Amino acid sequence: MIPKPISVSFKLDDGREISLETGKMARQADGSVVVRMGNCMILATAVANPEPKPGQSFFPLTVDYQEKFASAGRIPGSFFKREGRLSDYEVLISRLIDRALRPLFPDDYLCEVQVLVTLISSDPEVMPDALACLAASAAIAVSDIPIQEIISEVRVARINGEYVINPTRTQLKDADMDFIIAATEKNIMMVEGESKECQEADVVKAIELGHAAIRQQIKAQEQLRDMKGVAGKREFTLPYKNEDLAKFIEGFASEKILKVAKGALNKQERKDAFKAIHEEFKALIVANEDGTTTITGYATPVTAEDLALLGGIFHDLEKEIIRNMMLNDRVRLDGRGLEDVRVLTLETDLLPSPHGSALFTRGETQSLTTVTLGTKEDELLVESAATSDYKKFILHYNFPPFSTGEIKPMRGPGRREVGHGNLAKRSLEQMMPKGEAWPYTVRVVSDILESNGSSSMATVCAGSMALMDAGVPMPKHVSGVAMGLISGKDKKYAILTDILGDEDHLGDMDFKVTGTRDGICGIQMDIKVDGLSMDVMMQALEQARRGRLHILNAMYECIPAARPELKPHAPRIEQINVDREFIGAIIGPGGKIIQEIQRETGTTISIEEVNDRGEVKIFSSNKEAIEKALAWIKGIVAVPEVGAEYEGVVKGIQTFGAFVEFLPGKQGLLHISEVSWSRLDSLDGVLKEGDKIRVKLIGTDPKTGKLRLSRKVLMPKPEGYVEPERRERSDRGDRNDRGGDRRHGGGDRRGGDRDRGPRRDDRGPRENRPRREHHNNGGDQPQAQQEPQTPAADDADLAL
């Protein structure tokens with residue numbers, strides 16, 4: 001029998017309630033908690049191995065966030081109809097949790113830990129990413145896994161000038177700031193988000209408000225932990241250390257390491273110099289004949305365990321020496337000052353075939369970025385349990401192994417690549433044109449060709465230049481800079497602008513800030529030090545602004561604004577809005593019409609109903625093809641106007657005239673009398689099916705409503721032409737009086753002789769018969785000379 005679960009709850013400022021429950025689900029995990037807000041329920045579990053793996057030298061933490069489609073009453077759309085590998089959306093939430101939790105585990109704790117966070121019930125108005133870290137931290141809090149502090153995360157958004165904690169999905173659409181903030185009771189640990197050019201002071205205010213809300217969530221976790229009776233954390237085996245050996249290596253290598261650190265070497269030279277120091281020390285290791293191993297100058301024999309520590313000891317020593325050099329001498333590894341940005345080399349339009357391209361080089365970091373313009377069919381479908389959205393702006397970040405001079409298997413993008421690409425995408429998206437003014441789908445691809453720190457910020461800069469090179473109407477450039485912070489025990493600190501890869505690893509805080517000259521567009525911050533004051537953070541943000549502006553100035557010199565026109569080979573999109581009742585006519589039965597238009601013109605066409613109107617987009621890199629498709633569609637939706645002239649195609653020939661299609665799907669009768677000013681007995685040699693002719697709509701038939709066309713009214717009237725006299729039917733006499741009785745007298749077509757004899761013997765074969773002329777009223781004038789019938793004649797009616 002399941003014991004009664006333990007639960008606590010608290011309320012947000014707007015009255016919404018969040019509850020935490022443990023003891024009901026997943027009881028065999030070291031810790032499990034269900035967090036609920038509205039109908040949103042998240043199950044988090046935490047499990048840790050009791051002992052580290054043999055030879056383990058790093059902390060193996062795995063955090064996976066996954067949304068079950070059943071939580072929203074949906075079946076996954078994949079072929080197998082089940083959840084598979086994590087989507088990019090789920091990877092990003094997993095990273096938010098991981099980055100907040102990882103620094104809180106003890107440095108000496110090397111046991112494998114797995115945290116699984118699962119959305120088991122979805123609420124369309126509750127954003128689960130803001131609750132995922134709360135659930136993960138609570139699961140660890142109610143376990144004996146040795147984490148040092150309790151943590152939580154909240155979303156802070158600014159909506160109509162007001163800051164809101166954990167806004168609803170609907171509210172978030174109107175936000176101009178959207179930050180996820182993670183913190184412990186005392187310290188900010190992680191910040192990530194985007195904004196529409198907010199100021200540095202706005203970021204600090206959002207962080208302060210978020211921290212206050214987090215403290216309430218931490219108290220709820222502590223209460224849940226105490227109610228469960230968690231007395232303390234488990235003991236764990238500390239990894240083997242040899243302090244005497246560490247001091248010996250310090251004496252041997254300190255001066256050598258400092259000399260290399262101050263040498264202002266490039267990345268590879270510095271790497272080789274540090275390796276040479278390691279090799280020099282390894283040369284002191286002697287394997288004795290008695291089976292012992294000694295180090296020249298070191299009194300005590302060493303074991304295999306001691307030798308396994310050498311890499312870590314050297315790494316820690318290098319880190320400490322370089323940090324002290326920056327704090328005390330204010331000098332960096334490559335010789336720059338704390339605020340100096342590396343040398344910039346910028347170039348656009350270097351690739352002939354892509355729609356836009358840029359090469360951004362900053363020191364030893366280089367990004368080759370391309371832009372491709374596509375149609376609505378190229379939009380990216382992003383699915384979560386609660387939403388299915390199509391994205392018109394896509395950015396992919398690639399980090400091949402050769403960029404760092406390494407050999408690694410190419411297995412597709414990892415979590416790091418997904419996270420870096422997302423930051424660049426969110427930053428550039430703030431300046432992307434919106435709405436009908438820009439109907440393109442845009443894909444930006446950043447390939448990192450060299451990397452020595454800050455490659456994600458190189459992606460932002462190169463992406464901005466490539467977009468402007470492609471002619472995307474961005475109003476402003478967006479640049480980014482990676483920052484670092486090193487702090488000492490005596491409250492000394494150094495803020496570094498444009499950090500190297502080595503500086504990234506040894507700092508206490510690294511953060512990336514993107515934006516325009518007018519404000520911040522994106523931010524990603526990871527803090528690994530206790531007691532960082534808001535004053536220091538504000539100073540770091542201000543220094544980041546100066547670095548960002550320096551890079552922006554160089555970008556504006558390279559390409560000051562978006563090109564006024566797309567590249568000649570870039571696709572064009574023409575858009576036309578039609579009444580909704582014409583959507584079916586354009587598509588046709590089973591898509592027949594739209595497929596024919598695309599096939600005949602070589603264009604791509606999309607139709608979407610927006611606000612009770614049909615939005616038709618025609619896509620092609622060929623201007624003539626677009627114009628042809630546009631004219632075709634305009635013809636389908638056009639309403640024929642009497643008096644208007646049209647280009648038509650002859651679709652059929654009859655004895656009384658021709659049927660002409662003058663608009664797509666619309667035909668009219670061109671009577672034989674309206675073909676030419678000259679009298680025509682037939683249309684043989686005058687018109688044939690497939691001929692293109694220009695006609696004028698002269699009216700509709702009063703009986704049938706059929707459309708009447710004329711060709712001759714568009715032709716010059718011959719000199720001396722006299723309009724034939726029109727006679728009414730009443731002037732033609734009674735049918736029985738025309739030439740007397742047809743069976744007797746002069747009007748008798750049989751000449752009064754009823755005995756014709758054998759018909760075929762007298763008349764011969766049909767092909768040899770003379771053509772008979774029909775005479776009106778027994779007179780000499782042929783009937784063909786009469787006033788011609790209009791298209792309303794009975795034979796034309798029947799033909800139509």
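A residue is called buried when its relative accessible area is under 20%, exposed when over 50%, and partly exposed in between, with a 1.4 Å probe and protein chains only. By that rule Asn 160, at 70% relative accessibility, counts as exposed. The model is a predicted one, in which local features need pLDDT of at least 70 and side-chain atom pairs count only at pLDDT 80 or more, whereas totals for chains, interfaces and linings use all residues. Residues are numbered from 1 along each chain as its sequence is written, and side-chain values use heavy atoms, with hydrogens and water left out. Helices (H or I, at least four residues) and strands (E, at least two) are DSSP runs, numbered from the N terminus.

**The open sheet and the helices across it**

- An open sheet is formed by 8 strands in the order β8-β7-β9-β10-β24-β23-β21-β22, with antiparallel pairing, where two strands pair if DSSP finds at least two bridges between them.
- Because β8 and β22 each have a single partner strand, they stand at the edges of the sheet, and one side of each is left without a neighbour there.
- Neighbouring strands of this sheet are turned by 15° against each other on average, direction ignored; axes are lines fitted to C-alpha atoms, for helices over the stretch in contact, and angles run from 0 to 180 degrees between N-to-C directions.
- The pairing of β7 with β8 is antiparallel and covers 4 bridges, and Ala 157 has Val 164 in β8 as its bridge partner.
- Helix α1 (residues 88–101) lies across β7, β9 (175–183), β10 (188–198) and β24 (520–527), and runs at about 135° to β10, contact here meaning heavy atoms within 4.5 Å.
- Helix α8 (residues 310–329) lies across β21 (479–487) and β22, and its direction is at about 95° to β21.

**The barrel**

- A barrel is closed by 5 strands in the order β28-β29-β30-β32-β31, and the pairing is mixed.
- Strands β28 (residues 645–654) and β31 (residues 692–700) run antiparallel and are joined by 5 bridges, and Gly 648 stands opposite Ile 693 in β31.

- Helix α2 (residues 129–141) has 13 residues and reaches 19 Å from its first C-alpha to its last, close to the 18 Å expected at 1.5 Å a residue, the expected span being 1.5 Å times one less than the number of residues.
- Of the 13 residues in α2, 13 are buried, so the helix is described as mostly covered.
- Helix α15 (residues 623–637) should span 21 Å with its 15 residues at 1.5 Å a residue, and its end C-alpha atoms are 21 Å apart, which agrees.
- The buried residues of α15 include Ala 625, Ile 626, Ala 629 and Leu 630, and also Ile 633, Gly 635, Ile 636 and Val 637.
- At the start of α15, a side-chain oxygen of Asn 622 comes to within 2.9 Å of the backbone nitrogen of Glu 624.

**Individual residues in helices**

- Val 418 is found in helix α9 (residues 415–429) and, at 12% relative accessibility, counts as buried.
- With neighbours within four places in sequence left aside, Val 418 is in contact with Asp 88, Val 91 and Leu 92; Leu 92 is 326 residues from Val 418 in sequence, yet the two are 7.3 Å apart in space, C-alpha to C-alpha.
- Asp 202 has its place in helix α4 (residues 200–228) and counts as buried at 19% relative accessibility.
- Leaving aside neighbours within four places in sequence, Asp 202 is in contact with Arg 158, Tyr 163 and Met 177.

**Positive phi angles in loops**

- Asn 160, in the loop between β7 (152–159) and β8 (162–165), has a positive phi of about 55° although it is not a glycine.
- Asp 498, in the loop between β22 (493–497) and α11 (501–506), has a positive phi of about 60° although it is not a glycine, and at 0% relative accessibility Asp 498 counts as buried.

**Cysteines**

- With a disulfide taken as a pair of cysteine sulfur atoms within 2.5 Å, the count comes to 0 disulfides.
- Cys 40 is in no disulfide, and the nearest cysteine sulfur, that of Cys 133, is 15 Å away, which is too far for a bond.
- Cys 40 is buried, with a relative accessible area of 1%, and Cys 133 is buried, with a relative accessible area of 0%.

Definitions and conventions: Polar contact = N/O pair within 3.5 Å; in protein donor to acceptor, adjacent residues only side chain to side chain.
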